[in-house]
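Good morning, and thank you for coming.

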Amino acid sequence: MRQLLLGMEEAGLSLSSQQPGRMTRVSTSALRGSLTEVIVSEGGAIQPMHLLPMLAQCNAHKRWLMWLSPHRPMNKSWLESMGLQHSPVIHLDLCNDTQLALCSKVLAAGNSHMIVEWQGELSNHERQVIRQQADQSGSHVVLIQRRP
């Protein structure tokens, strides 16, 4: 069995599926991003904000954590309760008409990982654009879709 090492103590170390005790140095130019899709139900136990600490664990390169969602306020005490008091977290309101453009701008900057609460249906083209931009910028994206 292989162990996933979460070595974030040194700059230049990335998540690695190496043998225990072995870490691999990866240059930041070789970093690849990812797109993870999650479906949540309205009123379910796991809500998008609960995924921020998971994303923070991927933050070996000290990027911003962006949370794009419609009208979901975030406060300091909530961030502290989730262990994110020292993480740079930004929340941006998201609307259906501009969500792909906003995601593209955030990913083009290449300085954050993000959670996106996608509004409406996600087309294959939109998914492909986000996946490609995440990969190119080295950003990890968690895309959330709500289902009744």
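Please find A134, which sits in helix 4. Before we go further, note that this is a predicted model. Is A134 buried or exposed? The relative accessible area of A134 is 0%, and buried means under 20%, so this residue is buried. What does A134 touch, once residues up to four places away in sequence are set aside? The list is G33, S34, L107, S139 and V141. Please also locate S112: 22 residues separate it from A134 along the chain, and the C-alpha atoms of the two are 10.0 Å apart.

Let us now step back to the whole chain. The protein chain has 4 helices and 5 strands. Followed along the sequence, these elements give the pattern β-α-β-α-β-α-β-α-β. Of the 148 residues in the protein chain, 40% count as buried. Consider next the contacts between residues at least 6 apart in sequence: 65% of these join residues at least 24 apart.

In what order do the strands lie? The 5 strands form an open sheet in the order 1-5-4-2-3, and their pairing is parallel. At the edges are strand 1, residues 34-41, and strand 3, residues 89-93, each of which pairs on one side only. From one strand to the next, the twist averages 15°.

Why is strand 2 described as largely enclosed by the rest of the structure? The reason is that 5 of its 6 residues are buried.

Helix 3, residues 99-109, lies across strand 2, strand 3, strand 4 and strand 5, and runs at about 170° to strand 4. Helix 4, residues 124-137, lies across strand 1, strand 4 and strand 5, and runs at about 130° to strand 1.

How do these helices meet each other? Two packed helices are described by the angle between their axes and the distance between the axes. For helix 3 and helix 4, the angle is about 10° and the axes are 9 Å apart. Helix 3 is therefore roughly parallel to helix 4. Helix 3 contributes L100, S104 and L107 to the contact, while helix 4 contributes E126, V129, I130, Q133, A134 and S137.

My last stop is R146, in strand 5. With which side chain does the side chain of R146 make a polar contact? The partner is the side chain of E117, at 3.2 Å. Leaving aside neighbours within four places in sequence, R146 is in contact with V40, S41, E42, Q47, P48, R72 and E117.

Thank you for your attention; I would be glad to take questions.

Technical notes. Residues are numbered from 1 along each chain as its sequence is written. This is a predicted model: local features need pLDDT of at least 70, side-chain atom pairs count only at pLDDT 80 or more; totals for chains, interfaces and linings use all residues. Side-chain values use heavy atoms; hydrogens and water are left out. Two strands pair if DSSP finds at least two bridges between them. Helices (H or I, at least four residues) and strands (E, at least two) are DSSP runs, numbered from the N terminus. Axes are lines fitted to C-alpha atoms, for helices over the stretch in contact, and angles run from 0 to 180 degrees between N-to-C directions. Contact means heavy atoms within 4.5 Å. A polar contact is a pair of N or O atoms within 3.5 Å; within protein, one must be able to donate a hydrogen and the other to accept it, and residues adjacent in sequence count only if both atoms are side-chain atoms. Angles under 35 degrees count as roughly parallel, over 145 as roughly antiparallel, 65 to 115 as roughly perpendicular and the rest as oblique. Buried means under 20% relative accessible area, exposed over 50%, partly exposed in between (1.4 Å probe, protein chains only).
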